[in-house]
Amino acid sequence: MASLPLALGLSYHNQALINWGELILSTTVITVLLSVIIEILWLPFLRDKLLMGETLSDRVSRSELLKEKMLKKQLWS
């Protein structure tokens, strides 16, 4: 959608749409690239903060406990 003003400006030879379309398109591309880079850079910190050093065996054991609780709950219902 960011390229629509530029495409329309080129189709209808409208200089204002061409100028604004180039600005909108370049701003959108830069914003998307910067946000992807920022997300990639802070992903390891976020992973460590959310998982708090949790290992795979910890996750498996927690999952098994949750399954047991659910089965007990179903049996009592």
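Where is the place of L75? L75 is in helix α3, which spans residues 56-76. This briefing concerns a predicted model, in which local features need pLDDT of at least 70, side-chain atom pairs count only at pLDDT 80 or more, and totals for chains, interfaces and linings use all residues. Residues are numbered from 1 along each chain as its sequence is written, and side-chain values use heavy atoms, with hydrogens and water left out. Helices are DSSP runs (H or I, at least four residues), and they are numbered from the N terminus.

**Confidence**

- The protein chain has an average pLDDT of 90, and 99% of its residues score at least 70; pLDDT is the predictor's confidence in each residue, from 0 to 100.
- Among the elements of the chain, α1 has the highest mean pLDDT (95), while helix α3 has the lowest (87).

**Helix α1 and its buried side**

- Helix α1 covers residues 4-12, and within it P5, L6 and G9 are buried; the term buried stands for under 20% relative accessible area, exposed for over 50%, and partly exposed for values in between (1.4 Å probe, protein chains only).
- These three residues lie on the same side of α1 because they cover an arc of only 100 degrees around the axis, the arc being that of the directions from the helix axis to the C-beta atoms.
- An α-helix has 3.6 residues a turn, so residues three or four places apart point the same way.
- The exposed residues S11 and Y12 sit on the face of α1 turned away from its buried side.
- Helix α2 is included in what covers the buried residues of α1.

- H13 belongs to the loop between α1 and α2, and its relative accessibility of 71% makes it exposed.
- Although H13 is not a glycine, its phi is positive, at about 55 degrees.
- Most residues other than glycine have a negative phi.

- I18 is located in helix α2 and is buried, at 13% relative accessibility.
- Leaving aside neighbours within four places in sequence, I18 is in contact (heavy atoms within 4.5 Å) with L6, G9 and L10.
- Between I18 and V60 there are 57 Å in space, C-alpha to C-alpha, and 42 residues in sequence.
- N19, also found in helix α2, is partly exposed, with a relative accessible area of 42%.
- The C-alpha atoms of N19 and L6 are 7.6 Å apart, with the two residues 13 apart in sequence.

**Surface patch and salt bridge**

- I30 lies in helix α2, which runs over residues 15-51.
- A nonpolar surface patch is formed by I30, L34, I38, W42 and F45, together having about 550 Å² of accessible area.
- Patches are made of residues with over 30% relative accessible area and no salt bridge, joining like charges within 9 Å and nonpolar side chains (Val, Leu, Ile, Met, Phe, Trp, Tyr) within 5 Å.
- The count of salt bridges comes to 1, where a salt bridge is a side-chain nitrogen of Lys or Arg within 4 Å of a carboxyl oxygen of Asp or Glu.
- R47 and D48 form a salt bridge, with their closest N and O atoms 3.5 Å apart.
- D48 is partly exposed at 47% relative accessible area, and R47 is partly exposed at 48%.

- L75 is exposed, its relative accessible area being 73%.
- L75 and S63 are 12 residues apart in sequence and 18 Å apart in space, C-alpha to C-alpha.

Methods
Accessible areas come from the Shrake-Rupley method with a 1.4 Å probe; for residues, only the protein chains shown count as cover. Helices (H or I, at least four residues) and strands (E, at least two) are DSSP runs, numbered from the N terminus.
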